[in-house]
Amino acid sequence: MAITRWRPFRDLISIQDEMNRLFDDFFGRPVTRPEWTEAAWCPCVDVSETKDNVIINTEIPGMSKDDVTVSIQDNVLTLSGEKKQEKEEKDANYHRVERSYGSFSRSFTLPTSVQPDKVKATYKDGILRITLPKSEEVKPKQIPITVE
Amino acid sequence: MTLIEFYPMLRVGSNGWEPDVDIFETKDGFVISAELPGLKKEDFDLTLDDDNLTLEGEKKREDKNDNQKLGERKFGKFSRSFVIPDSANLKKIRTSFKDGLLKVSIPKSEVVKEREIKVHFK
């Protein structure tokens, strides 16, 4: 079972863009990825699979639970939110700005084999963890061997 | 007020990941905010040696044996050092750590604040 990023414009990304991305990845931190161009900032996401669940871990440091929403519609899971710069910091004299701020939205097509009504999301230490339980049919089953 | 540049001196040990940092200065002091998503208090140290403030630690994967489908997050050991300007009051450094964001507040010493002199032109 595979969970894949939903990239509606995938076919429009030219080979040149992919080459640029390779160069960026190799020579330094990519500022924007082709599929990110609509957003100023996008959180890093890991997707992994265990025996029972598909787990999505997203890094949203400094954001509170209320700044992010997780929704599921038509088998598409969408993470969206806004990382805001604190008000008092706006008037300050900045010496260094490496953190990124702004709105983001990312969507993932769910494999049909998860149970959308049993999805759980928890937030701790800047990591949003979404647990998608697999449906019973796709879980690995042990088949007992009988000796005759 | 003295205009001392507050700058990172070393960027070592960055084999893949190091925290993103914002540094700003107000009338009263300096604030460093560092993004440490997924780290716990015991995963990093903040040490002050003379006028060098060092933030170092390790960002570890929470799930080690998983079958990964997409991996954008980066992990590893990091160390970043910052030179604290003379105007800072090192005895009054305060830190807070919440939702993966470390904030270090360094007030300016009173002496420095008083040193501000207005110059009048005739």
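**Notes on the interface of chains A and B**

1. Between chain B and chain A an area of about 3300 Å² is buried, and carbon and sulfur atoms give 45% of it. On the side of chain B, the residues that lose the most area to chain A are B:E72, B:R73 and B:D99, which together make up 19% of what that side buries. It should be kept in mind throughout that this is a predicted model.

2. Counted by residues, the contact involves 39 residues of chain B and 39 residues of chain A. There are 25 residue pairs in polar contact across this interface, with both residues at pLDDT 80 or more. On the side of chain B that touches chain A, the elements giving two or more residues are β1 (8–12), β2 (21–25), β3 (29–35), β6 (67–71) and β9 (101–107) of chain B. The residues of that side of chain B comprise 18 charged, 14 nonpolar and seven polar ones.

3. Salt bridges deserve a separate look: the structure holds 18 of them over all chains, and seven are found across the interface of chain B and chain A. The side chain of A:E59 meets that of B:K59 in a salt bridge at 2.5 Å, N to O, and A:E59 also forms a salt bridge with the side chain of B:R73, at 2.9 Å, N to O. Because A:E59 lies in strand β3 (residues 53–59) of chain A, while B:R73 lies in the loop between β6 and β7 (76–83) of chain B, this latter pair joins two chains.

4. The chains are also linked by strand pairing. Strand β2 (residues 45–49) of chain A pairs with β6(B) in the antiparallel sense, over four bridges, and within this pairing A:D46 stands opposite B:G71 of β6(B).

5. Which strands form the open sheet, and in what order? Five strands take part, in the order β6(A)-β2(B)-β3(B)-β9(B)-β8(B), with antiparallel pairing. At the edges stand β6 (93–97) of chain A and β8 (94–98) of chain B, each of which has a single partner strand, so one side of each is left without a neighbour in the sheet. From one strand to the next, the twist averages 15 degrees.

6. Within that sheet, β2(B) and β3(B) pair in the antiparallel sense over five bridges, and here B:F24 has B:V31 in β3(B) as its bridge partner.

How values were computed
Residues numbered from 1 in each chain as written. Chains lettered and ligands numbered in written order. Predicted model: local features only at pLDDT ≥ 70, side-chain atom pairs only at ≥ 80, totals over all residues. Heavy atoms only, no water. Contact = heavy atoms within 4.5 Å. Buried area = accessible area lost by both parts, 1.4 Å probe. Salt bridge = Lys/Arg side-chain N within 4 Å of Asp/Glu carboxyl O. Polar contact = N/O pair within 3.5 Å; in protein donor to acceptor, adjacent residues only side chain to side chain. Nonpolar A, V, L, I, M, F, W, Y, C, P; charged D, E, K, R; others polar. Pairing = 2+ DSSP bridges. Axes fitted to C-alpha atoms, helices over the stretch in contact; angles between N-to-C directions.
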